[in-house]
Amino acid sequence: MKNKKKIIVIIVSSILGLLLITISGFFIFRDQLLTQAIAKTTSHLDQKYDSILLIGKVEFTNFNGIRLTNISLKPRAADTLFDIDNMETSINFWRLFTGDIQLGTLKINNGYVQLIKKGNIKNFAAFLKKDSTAVQSDDKKNYADFAYRIITTALNLVPTDMKIENLKFKLDDNGKKATIDIKKLILANSQMETAINVKTNTFTQRWKIKGYADPRNKKADLQFFNRDTGAIKVPYFDERYNLISSFDSIRLNIKNIDKSGGQLHIDGFTSIANLKVNHPKIASKDVLIKKARFDYRFLLGANSIAIDSSSTAQFNQIKFRPYLSVDTEEDTIYKLKVVIPRMKAQHFINSLPDGLFTNFQGMQALGNFDYKLNFQFNKNKPDELVFDSNINKENLKIIKYGEANLTKLNGEFIYRAIIDNVLQRPVLVGNANPNYTPMSAISPYLKKCVLTTEDPSFFSHHGFINEAFKQSIVKNIKTKKFSRGASTISMQLIKNVFLTREKTLSRKLEEILLVYILENNRIVSKERMLEVYFNIIEWGPNVYGIGEASQFYFQKQPSQLTFNECLYLARIIPSPKKFMYQFNAEGRLKESAAQQERFLTNIMLKRGLLASDDTIYKSLPLYISGPAQSYLRIKVQDSIPKDSLNIVNEFNF
């Protein structure tokens, strides 16, 4: 027993002795070690990034504290990246033995960090280059391990006690400037207090960040708001991206960051009050979301990243549960699920953001509904895309319409197209207009041809064609651009009669909701919708409706149109103002246009829409006899504009 105690004493004494020797050695040689470390860092920045690191003076202040003065980093061929007068920091000495660098305290006085772009020269460009010498590995990255390592490293570099005074962050993007001037930033006893001045070319403001931050326990609850009256404006984006945005306050809460069972869990919530956004691609006016909140749970596994379905999102009175994931274990599979639990239809209408749904303002509805969306896309098997959208209604009824009164489609009304924000001449949709043509006076061939090219399942769908949506999404993903739409005649009708032609998110969202209401509330019959469609669509330069079109091209009444003429009119609907490019210098249809006609004719024959006798005049050339003939006298160039023909595979088959 005595021998065991003796051995333990010897071991403990040896460990303490080695530790004492290490600490003593560190104190004896620490100045030399620090000098060598700075020299190594300076050389690395010089050789790899062609940048000069200058430090006026560096010294130890206590057991684990370092003070640096006059520190700057300047790329040789660009502006200085940062320049700081004084900086003091301390490092957790014991954490170094585990291989971690953990800052204890940080003090910074007077300095700036700046990102500058002049022409194509950026003072930070060298630090964005990929390391060409890095060893490429075929091993898959473990998302959970990688993210946890990055988060832990980043939080270890956030000191538990911090005091920053007069530190500026400057941005100059070819004259588009923004300066965030931190007058004061104090973190003490896990409480943060700041005073920040912001200045751009367009505004000046004073901001404040206040709340709780505990980097060691990976928790925070911070609020961001304006020290003065009014909303916080987002800098730089207004000049750089023409995006004007502001908000009253933002709150960020991180409750938990934990890794267990091979999964990384990140839980918390974020909220924003009175978010205002203005951008030409979003809407023509300010969009306001009064209240929004996202209670999140991020899950990261070895091969997956996900927003868990236990997360909830809310804006105004609309609450929904989102699920979003990317899984790379075998194929790369993207999943999106959205569930809106049962809610009152009026609460949904009231919650639509101001400025984004102007046609719904004043609308009143009864009843309830719930909604589910299921989307799945396999990157390696794109044609197996899943897109299921389902809404369940309970006594849903519109009792008052907003600005877009859909019932007007049942009677006479004035239609005025809007092209490039210019209101066109009025067109009366009604019998008082001599060019108005009821369905009974329109050639049956035109109905068959237009439905074939524009919307074959018009009389059976409810405004949308799920399969067309799926095909559209697949093609847009493959081409990485919006190269194909899935517009039905119902959608075209809503767009023409009630909306503008502006290509904004607002218009598209309103179009979808208005089409759903039109098609699912028995407001207008399908026959009446098609009749209105034939009488308002643009069919040439300042030509609206089939009554005007049949005269403009063929000097005929709509009832007298032949199959050839109807097929031609159906084909030019996508680009009616460029109809002349369908013809060659002799006034005959070009081969590309004739090929489209043969293709469409065969489709209609296969579907039983035509008999062989219907195509008896197909061998005869198409002859433009009306006022449109004057456009054909213009010398036609050999090349055809890319958007002047409706490409065969773009038809809604």
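So, how many aromatic pairs does a search of the whole structure find? The count is 25. Bear in mind that this is a predicted model.

Let me start with F348 and F369. Their rings pair up edge-to-face, with 5.4 Å from centre to centre and 90° between the planes. Now look at where they come from. F348 lies in helix 4, residues 345-351, and F369 is in strand 20, residues 364-378, so this pair ties together parts that are 21 residues apart in sequence. F348 comes out at 19%, so F348 counts as buried. F369 has 8% relative accessibility, so that one counts as buried too.

Next, F357 and F360. Here the ring centres are 6.0 Å apart and the planes sit at 85°, and planes over 60 degrees apart count as edge-to-face, so that is what we call this pair. F357 and F360 are both buried as well.

Last topic: lysines over rings. Have a look at Y112, where K170 lies over the face of the ring, 4.7 Å from the ring centre. Then go to F458: the charged end of K526 sits over that ring, at 4.4 Å from its centre.

Conventions:
Residues are numbered from 1 along each chain as its sequence is written. This is a predicted model: local features need pLDDT of at least 70, side-chain atom pairs count only at pLDDT 80 or more; totals for chains, interfaces and linings use all residues. Side-chain values use heavy atoms; hydrogens and water are left out. Rings of Phe, Tyr and Trp (its six-membered ring) pair if their centres lie within 6.5 Å; planes under 30 degrees apart count as stacked, over 60 as edge-to-face and the rest as tilted. Helices (H or I, at least four residues) and strands (E, at least two) are DSSP runs, numbered from the N terminus. Buried means under 20% relative accessible area, exposed over 50%, partly exposed in between (1.4 Å probe, protein chains only). A charge sits over a ring if NZ of Lys or CZ of Arg is within 6 Å of the ring centre and within 35 degrees of the ring normal.
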